[in-house]
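Please look at the two-chain model shown below before reading on. The report that follows describes how its parts pack against one another.

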Amino acid sequence: MHAMTPLHIRDTADANPPVMRRRLGRAVTQWSVTKAEWIKLRSVRVNVIGIAAAAVALVLLGVLFSALAPTDMGPGGTATDSVSLAFGGTSLSQLIIGVLAALFVGSEYASGLIRTTFGAVARRTRVLRAKAIVFGGATALAMTVGSFGAFFAGSAVYSGDLASYSIGDPGVLRALLAAGFYGACVALIGIAVGFLARSTATAIGLLLGLLMLAPLLVDVVPGTVGETLTKILPSNAGQATMSITTPESLLSPLLAFAVLVAWVVGMLAIASVVLRRRDA
Amino acid sequence: MIEVTSLTKRYGETVAVDDLSFTVRPGIVTGFLGPNGAGKSTTMRMILGLDNPSQGRATVNGRLLAEHGAPLTELGALLEARAIHPQRSARNHLRALAATTAIPDRRVDEVLGIVGLDEVADRAAGAFSLGMGQRLGIASALLGDPETVMLDEPVNGLDPEGIRWIRNLLKELAAEGRTVFVSSHLMSEMALTAEHFIIIGRGRLIADVSAAELAALGPEPQVLVRTPHGDRLRQLLAADGVQVTGDGDRPDVFYVTGIDSDVIGQRLVEGGVELHELTPLQESLEGIFMGLTQDAVQYQSHDARPSTPERRAA
């Protein structure tokens with residue numbers, strides 16, 4: 001390689017003309033970034049349709065499981081009561097939500113839009129929080145509506161022998177609200193994984209691994225370690241929050257809530273740290 | 001105003017940007033030139049605060065971009081063409097970006113008009129051509145009415161009409177007193193737009209010069225003289241510093257340095273020498289640029305090695 005000497009030549013004639021500008025806009029705040037992400041969420045049809053579809057799937061599958069359940073047993077023999085039948089669509093809904101959340105972040109990395117966003121919002125964690133707020137919020141709302149729909153429609157068509165509950169029974173309202181809460185948790189984990197993976201495909205792979213594959217893998221871990229690991233996986237903790245009766249294999253609802261919160265906070269914290277340090 | 005001081009970016013062993021220092025001043029278009037892989041985009045990403053420098057700093061209008069409350073109103077940048085969600089309309093894309101800085105929606109309509117996308121503003125951006133994508137990217141850069149505009153290879157994918165449009169737009173922005181910093185790997189394009197050039201190669205500064213100064217960096221200007229009387233030519237021009245070189249192929253062609261074409265013409269007429277052609281030759285900015293960056297070209301095909309720099313009639 002040849003040594004290159006920089007040639008520095010300065011011309012002196014530069015009286016800078018004054019910049020004539022209007023003062024547009026205001027300082028960036030968490031609220032303004034949240035509004036921006038809300039526009040982004042609403043303005044792409046797949047987000048709106050997808051989140052609605054997750055709720056609709058919850059209702060339709062709940063009705064289907066409740067109506068078709070044999071009088072003496074639930075699907076696969078795991079159903080213990082009418083509420084668990086009504087929540088038969090949870091695993092499909094969580095997948096839809098997780099994929100949409102990963103896409104909400106991953107698509108910005110794919111097109112390069114994320115760099116435009118970070119150029120406008122220098123504090124990147126504000127973008128992470130804004131995406132979490134709008135996507136988590138929309139999901140919580142849709143999934144809560146979906147869980148109530150699934151419960152009422154499912155109860156209406158169920159005529160089996162398993163314990164049947166009404167909305168006023170202990171634990172039922174908690175379980176219904178938990179379905180919305182769990183949906184939001186999956187959304188937030190999906191957002192965090194999206195920022196960590198910076199690619200939709202990788203993020204979806206990681207999410208499917210966590211939600212679908214991990215329960216199968218930790219199942220083969222023997223002893224109490226295996227049992228504990230199984231219990232604290234997000235999918236199982238989520239199921240625990242939505243159960244009326246708590247089987248041995250699941251955490252108590254309260255503990256399960258705490259575990260889910262820990263998952264969400266932990267994943268978002270890791271994503272925030274990485275986002276601050278890494279080149280965008 | 002962009003000020004880059006000792007800016008360095010290392011990726012492991014590789015040094016992408018190496019102790020780079022320069023200032024981009026307001027009121028003129030500054031071209032940022034270098035062969036592909038010279039570190040132009042990495043430098044721009046550090047100016048935007050996207051990549052952290054390994055050393056040094058880059059400030060925009062006096063501060064790190066992240067230290068400004070509303071970065072969009074300080075620096076408008078275009079890094080990648082088509083950095084758009086394919087299913088989102090151009091208008092919603094800009095509205096979302098504007099919302100980060102509480103820029104009113106009427107400014108969105110305004111910039112859509114400036115870049116000529118108002119008629120397709122409500123269509124999904126996925127159907128946009130590369131050129132339309134570039135225009136939308138420029139609309140994003142202008143959204144905050146920023147004091148400084150930074151565009152990475154903005155003419156890529158544009159048709160001749162679009163290229164002329166960008167050229168005029170850049171000059172207008174500079175004439176309004178803004179700082180305009182535009183990267184390109186094509187000197188021929190920048191020569192028509194920029195008044196000042198920052199040339200880098202392998203991450204290092206090669207030249208920080210005005211157009212006139214860049215021209216002066218080329219080889220000494222020559223004058224082509226065509227006459228059947230070479231001996232008389234040499235005789236009439238003989239003086240200190242004047243050199244007359246014959247052309248190997250054509251016996252009646254001579255290259256003269258060290259003397260103006262006006263003076264040559266005058267002497268030949270006075271001496272009664274038959275003259276067929278008298279053409280001042282000047283190295284094109286493109287040729288000078290190629291010469292300056294020749295050592296720094298990373299990926300060079302063997303037959304495309306710039307041999308004798310092309311010259312054009314001045």
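The crossing of H1(A) and H2(B) is left-handed, a term used when the near helix is turned anticlockwise from the far one by less than a right angle, with right-handed used if the turn is clockwise. Helices here are DSSP runs of H or I with at least four residues, strands are runs of E with at least two, and both are numbered from the N terminus. This is a predicted model, in which local features need pLDDT of at least 70 and side-chain atom pairs count only at pLDDT 80 or more, whereas totals for chains, interfaces and linings use all residues. Residues are numbered from 1 along each chain as its sequence is written, while chains are lettered from A and ligands numbered from 1 in the order in which they are written.

The axes of helix H1 (residues 30–42) of chain A and H2(B) come within 7 Å and cross at roughly 165°; such axes are lines fitted to C-alpha atoms, for helices over the stretch in contact, and the angles run from 0 to 180 degrees between N-to-C directions. H1(A) and H2(B) are therefore roughly antiparallel to each other, given that angles over 145 degrees count as roughly antiparallel, under 35 as roughly parallel, 65 to 115 as roughly perpendicular and the rest as oblique. On the side of H1(A) the contact is made by A:Ser32, A:Lys35, A:Ala36, A:Ile39 and A:Lys40, and on the side of H2(B) by B:Asn92, B:Arg95, B:Ala96, B:Leu97 and B:Ala99, where contact requires C-beta atoms, placed from the backbone, to lie within 7 Å. By class, this contact has five nonpolar, two polar and three charged residues; Ala, Val, Leu, Ile, Met, Phe, Trp, Tyr, Cys and Pro count as nonpolar, Asp, Glu, Lys and Arg as charged, and the others, Gly among them, as polar.

The contact between the two chains takes 54 residues from chain B and 43 residues from chain A. Helix H2 (90–99) and strand S9 (204–210) of chain B are the elements that give two or more residues to the side of chain B that touches chain A, and the largest share of that side, seven residues, comes from S9(B). Its residues divide into 23 nonpolar, 16 polar and 15 charged.

Within chain A, the axes of helix H6 (residues 124–157) and helix H7 (residues 172–197) come within 7 Å and cross at roughly 150°. H6(A) and H7(A) are therefore roughly antiparallel to each other, and their crossing is right-handed. Among the residues that make this contact are A:Ala132 and A:Gly136 of H6(A) and A:Ala184 and A:Leu188 of H7(A). The contact of H6(A) with H7(A) has 16 nonpolar, six polar and one charged residues.

The largest nonpolar core has 162 residues, and those with the most contacts inside it are A:Cys185, A:Leu188, A:Ile191 and B:Ala139; a core of this kind is a set of buried Ala, Val, Leu, Ile, Met, Phe, Trp, Tyr and Cys residues joined through C-beta atoms within 7 Å. H7(A) gives the most to this core, with 17 residues. Leaving aside neighbours within four places in sequence, A:Leu188 is in contact with A:Ala132, A:Gly136, A:Val264 and A:Leu268. A second, separate core of nine residues includes B:Val225, B:Leu237, B:Ile264 and B:Leu268.

The two chains are set out below.

B:Ser140 lies in helix H4 (residues 130–142) of chain B and, with 26 C-beta neighbours inside 10 Å, counts as buried, since a residue is buried if 20 or more other C-beta atoms lie within 10 Å of its own, exposed if 12 or fewer, and partly exposed in between, with C-beta atoms placed from the backbone. Not counting residues up to four places away in sequence, B:Ser140 touches A:Thr116, B:Leu78, B:Leu94 and B:Leu97. B:Glu195, found in the loop between helix H6 (187–190) and strand S8 (196–201) of chain B, is partly exposed, with 17 other C-beta atoms within 10 Å. With residues up to four places away in sequence not counted, B:Glu195 touches B:Ile28, B:Val29, B:Ser210 and B:Ala211.
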